[in-house]
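Open the model in your viewer and keep the selection tool at hand. The tour goes stop by stop.

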Amino acid sequence: MTSKALYLRLLTYVRPYWMLFVLSMIATVLLAATEPAIPALLKPLLDGSFVEKDPTTIRLMPALLILLFIVRGLASYVGTVSLTWVSTKVVMNLRQLMFTKILTLPNSYFDDHASGNIISKLTYNVSQVTAAATSVLVVLVRDTLTIVGLLGWMLYLNWKLSLITVLVVPVAGFVIRMISHRLRRLSRSLQDTVGDMTHTLEEAINGNRVIKIFGGQDYEHTRFEKVANWFRRYVMKITATSAASVPAVQLIAVIALAAIVYIATTETGNDAFTVGGFVSFFGAMGLMFAPIKRLTKINEQLQKGLAAAESVFALLDEDSERDTGTQTLHRARGGLTFDDVSFRYPSAERDALQGINLDIQPGETVALVGASGSGKTTIANLVPRFYQPTGGRILLDGIDTQALRLHDLRHNLSLVTQDVVLFNATVAENIAYGTMADASPEQVAEAARAAHALEFIAAMPEGMNTLVGENGARLSGGQRQRLAIARALLKDAPILILDEATSALDAQSEQHVQSALETLMKNRTTIVIAHRLSTIRNADRIVVLDKGRVVETGSHNELLGAGGRYAQLYETQYAAEALSN
């Protein structure tokens, strides 16, 4: 996208607040219009008061100076406050849009992008955008008008000398243009580095226990020092580039000023300045330096903003999850059919699933077993359409899941995984999460009781109103699992997916969780992904996967008797457990 297109798109986010933005622009124009009045007052002030000693001028000039700066003060205040209001609203709106987009992005996006980089877009990059959309435009208008006004006054005083000043503008513009490309490139690199730094910091926080146990402090320190140093280097490169442009432009202006001083002081005849005219001319020229400097520096802000806009709009333009389904389904019976389903992850060399054919009856419990990488979790991820099959169909009660509205499909599913996700909210809010937020306290308590969680919840300082901490940091693994089961119980969906729900628990916690799972699985179609085969003996059917294919199907006893892949897995695991005991 071109710079012009980027900038015009940025301005569309300012449009809803055009009244306040126009007010800030009016105040800005007024501020710029009064700038030439300062040198304009100097001429009568000096000539009339000090040289001619005119009484009227002596009385009038101080009053006009006070009035001038009252007007300028009010204009500056109104312009600053209204512009800040607009810019903060734009930041908030962009962040809301980006957060909404993040909630709708497919899982594949998160597989390909580090969370730290995504966070930095929302926290750092977007704040760079608004400067380009608002303050840069204000500075451009204000200082351009100021320069035009001052130049007009100088032309009025002495048009010949003013022509020298006019020559400065294209030369300065050429210098600014030369450094624009470098500033944009450096700004992109800086924003990427902020994402890398955020990601490194996030990993250090989340993995602090592993870092301490395995002595990774030096390694992590080196990683962070490296990325922090790159951040510093890019900041210095941007600062050096921007700082070099300012004295370069000022040097051009000073050369012009020196030429004007020389010519003015040697001038005689009708074109000679009065004392007041001389001071007024050079006052106007001196006042031009500040706006020229600001105009030079806004290029840095503009390039930062446009680089950030590329990043922000890239996220906003990402494709959301595909939801082309039109059929509704209030409550499914729970029949699932995998019809020759295949799937391959992007950039993978082989299919994760190959020709899966599986018919699961309503209310049936089917366990998926196999070695790591056999495709168990991939099957579980395809049911709620976290990923789309690359071949074949998945049917729910005879309806292709692609034809169902995404909301209706997921409304009929519950998920309990080994890595339980809890939010930094109360126990009750974690159980009655999302669409269940309107559940009564009695319903929440009943779900907790059925999940064998009510006992430990009652022992907490504030019971159901106790904050669980970040991802349930104040709870044990078994307690987190039981809250996840209570959440699934409260949802009461007809299809349940259990992904290694007890594999990381100790024996006592597993007993509690297993009892809660048995309650949860009653009268539901259940897909169980199990690492410990002892936990799925009572499944109605066990499906054995190997390298993305179904190699065996049957009950626990049938598969043991067949002496195939399942029997090998079971014997290997049984021997390992016996050895560990």
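Is Asp492 buried, partly exposed or exposed? Asp492 is partly exposed, with a relative accessible area of 36%. Here buried means under 20% relative accessible area, exposed over 50%, and partly exposed in between (1.4 Å probe, protein chains only).

Before moving on, note that this is a predicted model: local features need pLDDT of at least 70, side-chain atom pairs count only at pLDDT 80 or more, and totals for chains, interfaces and linings use all residues. Residues are numbered from 1 along each chain as its sequence is written, and side-chain values use heavy atoms, with hydrogens and water left out.

**Stop 1: around Asp492.** Arg524 and Asp492 form a salt bridge, with the closest N and O atoms 2.4 Å apart. A salt bridge is a side-chain nitrogen of Lys or Arg within 4 Å of a carboxyl oxygen of Asp or Glu. Arg524 counts as buried, at 8% relative accessibility. A search of the whole structure finds twelve salt bridges.

**Stop 2: a link across the chain.** Select Arg541 and Glu364. Their side chains meet in a salt bridge (2.9 Å, N to O). Arg541 lies in strand E9 (residues 541-546) and Glu364 in the loop between E2 and E3, so the pair ties together parts that are 177 residues apart in sequence. Helices (H or I, at least four residues) and strands (E, at least two) are DSSP runs, numbered from the N terminus. Arg541 is buried at 17%, and Glu364 is buried at 12%.

**Stop 3: the six-stranded sheet.** Show the strands in the order E6-E7-E8-E3-E9-E10: they form an open sheet with mixed pairing. Two strands pair if DSSP finds at least two bridges between them. The edge strands are E6 (413-417) and E10 (549-554). Zoom in on E3 (residues 365-369) and E8 (residues 525-529), which run parallel and are joined by four bridges. Ala367 stands opposite Val528 in E8.

**Stop 4: the four-stranded sheet.** Next, show E2-E1-E4-E5, an open sheet with antiparallel pairing. Strand E2 (353-360) and strand E5 (399-400) stand at the edges, each with a single partner strand, so one side of each is left without a neighbour in the sheet. Strands E1 (residues 336-343) and E4 (residues 391-396) pair over five bridges. Find Asp339, opposite Arg393 in E4.

**Stop 5: Arg480.** Finish in helix H16 (residues 477-491), where Arg480 sits. Arg480 touches Val420, Leu422, Asn471, Gly472 and Leu475, not counting residues up to four places away in sequence. Contact means heavy atoms within 4.5 Å.
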